[in-house]
Amino acid sequence: MPANSIDHDQRFMSLALALGRRGLGNTWPNPSVGAVVVWHDGAEAVIVGRGWTQSGGRPHAETEALRRAGPAARGATLYATLEPCSHHGKTPPCTDAIIAAGITRVVSAIEDPDALAGHGHALLRASGIAVDVGVGAAEARHAHAGHIRRVCDHRPHISLKLAVSADGKAGRAGRKPAPITGEAARAKVHLMRAMNDAILIGIGTVLADDPLLTCRLPGMAVRSPLRVVFDTGLRLPATSALVRSAHGTPLWVMAGESAPEESEAILREQGVKVFRLPATVSPLPYGEGLGVGVAQPDTGVLQPLDPPSRPSPSQNGVYAGFGRSIELSKSATADFDRREGDETAVPPAIDPPAAGGRLDLLAVVHLLAERGITRLMVEGGPTVAAAFLAADLVDEAVLLRGPHPIGPDGIDPLEALPLTALTDSPRLRSRGIETLGEDTMESFERV
């Protein structure tokens with residue numbers, strides 16, 4: 001069988017993709033890449049090195065695989081899930097290491113949309129190395145969705161988690177807690193947390209449930225995501241579990257511009273990062289009570305990252321589906337201080353919207369992207385979930401369904417929106433249903 005046969009390429013790219021998934025949620029601001037070095041001896045193919053992006057984003061996957069391959073890399077083929085970088089950052093370019101190692105062929109799943117990093121293939125070809133692109137492209141686009149979304153749309157790739165009872169409710173009447181899912185489903189949620197850079201909730205959830213928002217799977221506490229709280233009025237208690245754990249697991253608070261400075265000082269002393277963002281004025285027609293609004297032109301919304309020059313989403317079909325949601329969600333905002341919840345509880349209303357104001361939702365996701373967040377999990381509650389859906393900022397969603405009903409007086413999972421806003425959305429399609437003990441989990445992705 002030829003050394004560069006399609007079967008060989010697909011096999012080794014599948015391995016590289018599996019390796020890259022090991023780092024999801026743990027490599028931001030860099031993408032989690034997988035790489036495999038393969039020596040071909042006639043019909044035989046031997047893996048001589050493998051690597052994936054390490055914690056914090058470096059070393060990169062390619063240099064890790066080459067380090068493990070050592071001298072055996074000379075004359076070998078390198079498989080990488082993303083175009084090798086060609087720029088000098090905190091580490092030298094991967095292209096330099098590939099050329100120095102004597103690699104004769106590089107197989108990449110996709111090109112890098114980042115204009116700064118994305119000249120690796122051209123440099124490799126100029127050095128006489130054969131380059132093939134496109135093997136495993138669909139899987140790679142999904143694996144690197146956070147990186148691509150951050151470059152093309154200037155925001156993280158956003159996943160939404162909802163949990164409902166058998167009759168489609170998220171809590172009991174009066175916003176009383178209601179257990180919905182079992183252990184298998186909760187374990188799945190914790191795994192999702194570990195595979196995201198950050199997890200987001202509103203202040204209502206904090207005040208009602210005092211959550212920790214860490215990954216509590218055995219041995220995976222270190223993979224807990226950064227926690228993000230919407231708190232326009234800085235009401236986050238210094239005694240909360242989130243604040244008390246801020247030195248061990250980072251906590252960012254998105255506050256309004258007029259929030260008390262004394263409260264900010266107290267939180268900062270505990271290791272909490274506080275970001276002040278503009279509020280909004282005009283409501284958008286997404287449903288009464290949702291609290292979605294439009295930022296005024298003079299509010300000083302954070303500027304997005306510089307737009308990429310190579311390749312733009314409209315110029316390259318590889319990135320179809322990216323680069324357009326930003327237009328649909330311009331200046332979308334939400335009131336995040338009311339009625340948040342999770343799979344076990346829906347907290348009561350705390351204050352009317354005017355008490356905390358409305359944060360500019362798009363300014364928040366821009367800020368997260370500027371700070372390096374590529375994958376964001378929204379685990380807030382009815383108000384937060386509805387706001388992200390209404391703003392067309394949901395790229396993936398997971399809908400957990402428990403086996404028991406709550407009753408007709410139960411609380412709906414989406415504030416002022418029917419559940420069909422998710423399940424029948426023209427912008428999302430179902431990827432299938434999985435059984436988790438007595439529960440089911442349906443996954444959705446952006447069309």
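## Charged and aromatic side-chain contacts

Tryptophan 252 has a relative accessible area of 6% and is buried (under 20% relative accessible area; exposed is over 50% and partly exposed in between, with a 1.4 Å probe and protein chains only). The model is predicted, so local features need pLDDT of at least 70 and side-chain atom pairs count only at pLDDT 80 or more, while totals for chains, interfaces and linings use all residues. Residues are numbered from 1 along each chain as its sequence is written, and side-chain values use heavy atoms, with hydrogens and water left out.

Three aromatic pairs are counted. Rings of Phe, Tyr and Trp (its six-membered ring) pair if their centres lie within 6.5 Å; planes under 30 degrees apart count as stacked, over 60 as edge-to-face and the rest as tilted. One of the pairs is phenylalanine 12 with tyrosine 79, tilted, at 5.5 Å centre to centre and 45° between the planes. Because phenylalanine 12 belongs to helix α1 (residues 6-21) and tyrosine 79 to strand β3 (residues 77-80), this pair ties together parts 67 residues apart in sequence. Helices (H or I, at least four residues) and strands (E, at least two) are DSSP runs, numbered from the N terminus. Phenylalanine 12 and tyrosine 79 are both buried.

Tryptophan 28 and tryptophan 252 pair edge-to-face, with 6.3 Å between centres and 90° between the planes. Tryptophan 28 is in the loop between α1 and β1 (34-41) and tryptophan 252 in strand β9 (residues 251-256), so the pair links parts 224 residues apart in sequence. Tryptophan 28 is partly exposed, at 24% relative accessibility. Together with Phe275, Trp28 and Trp252 form one aromatic cluster.

The whole structure has 20 salt bridges, each a side-chain nitrogen of Lys or Arg within 4 Å of a carboxyl oxygen of Asp or Glu. Among them are these:

| Salt bridge | N to O distance |
|---|---|
| Arginine 149 – aspartate 153 | 2.8 Å |
| Arginine 193 – glutamate 379 | 2.9 Å |
| Glutamate 264 – arginine 276 | 2.8 Å |

Arginine 149 and aspartate 153 lie four residues apart in helix α6 (residues 145-153), about one turn of the helix. Arginine 149 is buried at 2% relative accessible area, and aspartate 153 is buried at 0%. Arginine 193 and glutamate 379 are also buried.
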